[in-house]
Amino acid sequence: MLVLLKFLQSLVKALHTEGTPGQVALGMTLGAALGLTPLMSLHNLLIVAAIFLLNVSVPGAVLGLTIFTPLGFILDPVFDRIGLVILEATPFQGLWTTLYNEPVVPFSNFNNSVLLGSIIGYVALAVPIFFAARFGVARYRATLGARVQRSKWYKAITASKVYNVYRLFRPE
Amino acid sequence: MPRKRFRWRAIVPLLLLLVAVGVGYYLLADRLARNAVAEAGTEFLGTQVDIAWLHILESEGAVEVGGLAVADPFNPSRNMVQADRIRIQLDPAPLLEKKLVIKELSIGGVRVGTKREVPARPVEGGGFAPEMVRSLTAWKQQFDVPLLSLTPIDTLRSIVVNPSQLATVAQAERIRAATDSVRRTLGDRIDGLRLAPTLDSAKALAERLAQTNVTKLGIAGTQRAVADVRSTLSALEDAKRRVDAVKAAVDQGAVVLRSEIARLDEARRQDYAMVRGLVGLPNLEGPAIGNAMFGDVSLSYFQRASYWANLAVKYLPPGLRPRATPGPARLRRSGTTVRFPKEHEYPTFLVERGQVDLELPGTDEEYAARIQDLTTAPGLVGRPTRVTIGRIGGSGPLAVQGSAVLDHNGHIRDSVVAQVRGLPIPGFAIPGLPFRVEPGRGTTSLSGTLRGDTVAAVLTLAASNVQWVQDSTGAALGPGPRLLWEVVRGLGDLSITARLSGTLTAPRIEVRSNLDQAVANRLRSLAGEAATKALARVRAEVDRLHQEHVQPVVSQATAVRADLEQRVAQMEERVETERTALEARLKSLTAGVGGIRLP
């Protein structure tokens, strides 16, 4: 129930911020990285920093994380297979060997099949996610947005303290 | 107004977050590291590892650990090793590459075999080490150490054996399968040779030429005849090559069948032992007594040695090829983590030098084990791992000495020699009998080699002031155990030699002791004529079942082998006959027509 509530909050916030559809879509795309790839990874530190420092929609990122986390779990066997094939592919052995013996790089766990496969999957999906999200947000705002904004439950969410915290990070 | 690309006001919360992480590290790093190390050690060794405290000394590039206890994987109420303090001096540069290079390892206050206050938890789940511990436990159980069963012999009325329990019957099934495979495969190959057209053609040509007058053929006719003969000879050469290839395959098949049949002897010995155990008869041979009385305790020593050997084989793999291991445990799928070692780079783990200070009970002397070049990538280090144990302080006769070399450069070539003298040897029970041995102080030595998967090891236990102790249950001994008790109770000297051979996955053990003959003689006198007759009945029953279930299969295998060999021999003979005949014809043709030699 709590997860559902959080999801609804993220959804509402993302769709009704002052951010442009592009900002929301970019937030969702960055959030998708957190959802599709194993969360506790070095590259996700950079993604989190980017979400906060770039002028993108933070609720959009939370929405992306919420939507793509279950998808990440579902796609893990595929990521595992893709990652292992690429890690074991003869043409890449030199690259992996060099990277594995460089400073800091091994902490990224790039040599794990699920992590590498999920990053490749994310890179392949990032552009479609961005454009689909931007189109979806624009269509929503043009059709249902105004009606939802007038609803009681929307006002309840925006009046909460959580919303005030959120305002710190809303797109300018 | 153009939108800003950066959200500068988020920097402050992010910095606060970083500060919080720093504070969290300061407060929790030692505790988290301690838990992580204990958890990783448990998974690595397949037995519970406890750590009392751990301090990360960032400024010194070192880690200190205290109160380490590693449970004995085969005895949860004891510690395999316990250490009061450990100092690990790290090389900082490799840490950036996620590699652990220990410049100096010092372990102090080490004791072995100490009692645990709380029994260790069994390590559940997968992973190499827990599975290896389970398989070594099963490995120990697989040895059919015959118990000194002393069931009254006169109770033996009948022997009922299910043939499917017999090793010979199982072996017969393997022979049957091998026979079918050889017959089908090689029969098809022989049929597939299709030599008849070539041989018939050669025969017909030879006969035709034999009836032909060469002088009437003329030069052109003779040239055609020579060409025909050479062409047919070439076809015969080809046929011979194919027959030779099939003959080699038949010989190989015959070797397989012979070796399978040869294994029946060992299987039959197992069957005698199995049926003897089934009806509760003791083995009255001296060598079997050694296995029965001291096989269990010898196996316990070898089990521990095998544990370390297996760990070394797994974690110190030879070669520099990428190595795949299961990924980290997490909510998401673990996947596979592949490591890519590279020449002239740091290995993932290396102890350049280490010293382990040993505390020996009952002696003031100081002993230490020195370790050099212990690494997970021997191919990178290029030197074998060496461990030596010796005295570093005090005087008197040496109590502990030993050395081990783990050479995993290219191939696995490990060797170990160790001796513990004058220290108490742990007591042990005699399987199937209500008394135990307390050897007291004595000498234990172990030497062994591991070449690839082949193991050869010798363990000796010797003590001169042995105590034989009856179980504390107080139950009166039966007539058999009482007689044995009378044999052993006065014996103060004990000398056991156990040999392990074979492969790590299928080892063999043989145990001898100075008590074997005395106990065997006493057993014979106890069992008397009835036992001899009963043993004869056991052998007769096994032989009968062998005759009924196994002999037909052996006969069939022998017949198939003989048939294939005969068929190939006939083909060889036929090819040779036709070739000889044609060569004779060719000789007469090329001898010349009217003094002219034909090309």
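**Close-ups of a two-chain predicted model**

**View 1. Chain A is built from helices.** Chain A has 9 helices and 0 strands, where helices are DSSP runs of H or I with at least four residues, strands are DSSP runs of E with at least two, and both are numbered from the N terminus. Read from the N terminus, its elements go α-α-α-α-α-α-α-α-α. What you're looking at is a predicted model, in which local features need pLDDT of at least 70, side-chain atom pairs count only at pLDDT 80 or more, and totals for chains, interfaces and linings use all residues. Residues are numbered from 1 along each chain as its sequence is written, while chains are lettered from A and ligands numbered from 1 in the order in which they are written. Of the 172 residues in chain A, 40% are buried; "buried" asks for 20 or more other C-beta atoms within 10 Å of a residue's own, "exposed" for 12 or fewer, and "partly exposed" is in between, with C-beta atoms placed from the backbone. Take the contacts in chain A with a separation of 6 or more: 86% of them come from residues 24 or more positions apart. Here, two residues are in contact if their C-beta atoms, placed from the backbone, lie within 7 Å.

**View 2. Helix H2 of chain A is mostly covered.** H2(A) covers residues 21-36, and 15 of its 16 residues are buried. Its end C-alpha atoms sit 22 Å apart, which agrees with the 22 Å that its 16 residues should span at 1.5 Å a residue; the expected span is 1.5 Å times one less than the number of residues. Confidence is given as pLDDT, the predictor's own score for each residue from 0 to 100. Among the elements of chain A, H2(A) has the highest mean pLDDT (94), and helix H9 (residues 161-167) the lowest (55). Chain A as a whole averages 85, with 80% of the residues scoring at least 70.

**View 3. Chain A meets chain B.** The contact draws on 30 residues from chain A and 23 residues from chain B. On the chain A side, the elements giving two or more residues are helix H3 (42-53), helix H4 (58-88), helix H5 (93-100) and helix H6 (113-143). H4(A) supplies the largest share, 8 residues. Sorted by class, that side of chain A has 18 nonpolar, 8 polar and 4 charged residues. For this count, Ala, Val, Leu, Ile, Met, Phe, Trp, Tyr, Cys and Pro are nonpolar, Asp, Glu, Lys and Arg are charged, and the others, Gly among them, are polar.

**View 4. A:Phe107 sits in a loop.** Look for A:Phe107 in the loop between H5 and H6 of chain A. Is A:Phe107 buried or exposed? A:Phe107 is exposed, because 12 other C-beta atoms lie within 10 Å. Setting aside neighbours within four places in sequence, A:Phe107 is in contact with A:Leu42 and B:Lys98. A:Ser41 is 66 residues away from A:Phe107 in sequence, yet the two are 8.3 Å apart in space, C-alpha to C-alpha.

View 5. Over in chain B, the secondary structure comes to 10 helices and 19 strands, and 28% of the 599 residues are buried. In H5(B), B:Ala202, B:Leu205, B:Ala206 and B:Leu209 are buried. They cover an arc of only 95 degrees around the axis, so they end up on the same side of H5(B); the arc is that of the directions from the helix axis to the C-beta atoms. On the other side, B:Ala196, B:Pro197, B:Asp200, B:Ala204, B:Glu207 and B:Arg208 are exposed. H5(B) runs over residues 196-210, and its 15 residues should span 21 Å at 1.5 Å a residue, which agrees with end C-alpha atoms 21 Å apart.

View 6. Strands S10 (residues 385-393) and S11 (residues 400-407) run antiparallel and are joined by 5 bridges; strands count as paired if DSSP finds at least two bridges between them. B:Thr385 has B:Leu406 of S11(B) as its bridge partner. S11(B) also pairs with strand S12 (residues 413-425), in the antiparallel sense over 8 bridges. There, B:Val400 is bridged to B:Val420. The hairpin of S11(B) and S12(B) has 5 residues between the strands, and in it B:Gly410 takes a positive phi near 90 degrees.
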